Amino acid sequence: KGKKVNLWLKRISSASAWLLLVSVIILLVSGWGITQTDIIYKYSFGLIDRRLADEIHRATILPLVIFFLLHVLINIKLKIATKNPYIVWLSNGVLIAIGIAVTVFVIYLEYFRVGG
């Protein structure tokens, strides 16, 4: 059972790495669309202006954080190989708590903070 779980964790980690790459590319292009509006506007055939680039840029932050956390925390979990079930449960709990805390903090900063 443990090998099957590790196989799925490796698959999720791999998928999250690819999605993280896509998120970073979108973040870079949208950021460039904010600062170099005329170039992005021309290459997108007038579809992406500064306002839309800013909206895309802001909307990309949460998926970027989620894919980053998935990738990093799963790989940390896979590196902590132990036979002691207490350590497994403890490390899983700590990693899940870190993931939830960082995600909640980013959601707060992005959606609930005044001026965010």
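Visitor: Which residues of α3 are buried?

Guide: In this predicted model, the buried residues of α3 are Ala53, Thr60, Leu62, Leu64, Val65, Phe67, Leu69, Leu73 and Ile74. They pack against α1 (2-35) and α4.

Visitor: How does one describe the packing of two helices?

Guide: In general, one gives the angle between the two axes and the distance between them. Here, the axes of α3 (residues 50-79) and α4 (residues 85-112) come within 10 Å and cross at roughly 170 degrees. Because angles over 145 degrees count as roughly antiparallel, α3 is described as roughly antiparallel to α4. On the α3 side, the contact includes Ile61, Leu62, Val65, Ile66 and Leu69; among the residues from α4 are Leu95, Ile98, Val102 and Val106. Sorted by class, this contact has 14 nonpolar, three polar and three charged residues.

Visitor: Where in α3 does a kink lie?

Guide: The kink, of about 25 degrees, is at Ile61, shortly before the proline Pro63.

Visitor: Is Arg50 buried, exposed or partly exposed?

Guide: Arg50, a residue of helix α3, is partly exposed, because its relative accessibility is 46%, which falls between the cut-offs of 20% and 50%. Leaving aside residues up to four places away in sequence, Arg50 touches Gly33, Ile34 and Thr37. From Arg50 to Phe67, the C-alpha to C-alpha distance is 26 Å, with 17 residues of separation in sequence.

Note on methods:
Residues are numbered from 1 along each chain as its sequence is written. This is a predicted model: local features need pLDDT of at least 70, side-chain atom pairs count only at pLDDT 80 or more; totals for chains, interfaces and linings use all residues. Side-chain values use heavy atoms; hydrogens and water are left out. Axes are lines fitted to C-alpha atoms, for helices over the stretch in contact, and angles run from 0 to 180 degrees between N-to-C directions. Helices (H or I, at least four residues) and strands (E, at least two) are DSSP runs, numbered from the N terminus. Angles under 35 degrees count as roughly parallel, over 145 as roughly antiparallel, 65 to 115 as roughly perpendicular and the rest as oblique. Contact means heavy atoms within 4.5 Å. Ala, Val, Leu, Ile, Met, Phe, Trp, Tyr, Cys and Pro count as nonpolar, Asp, Glu, Lys and Arg as charged, and the others, Gly among them, as polar. The bend at a residue is the angle between axes fitted to the seven residues ending there and the seven starting there. Buried means under 20% relative accessible area, exposed over 50%, partly exposed in between (1.4 Å probe, protein chains only).
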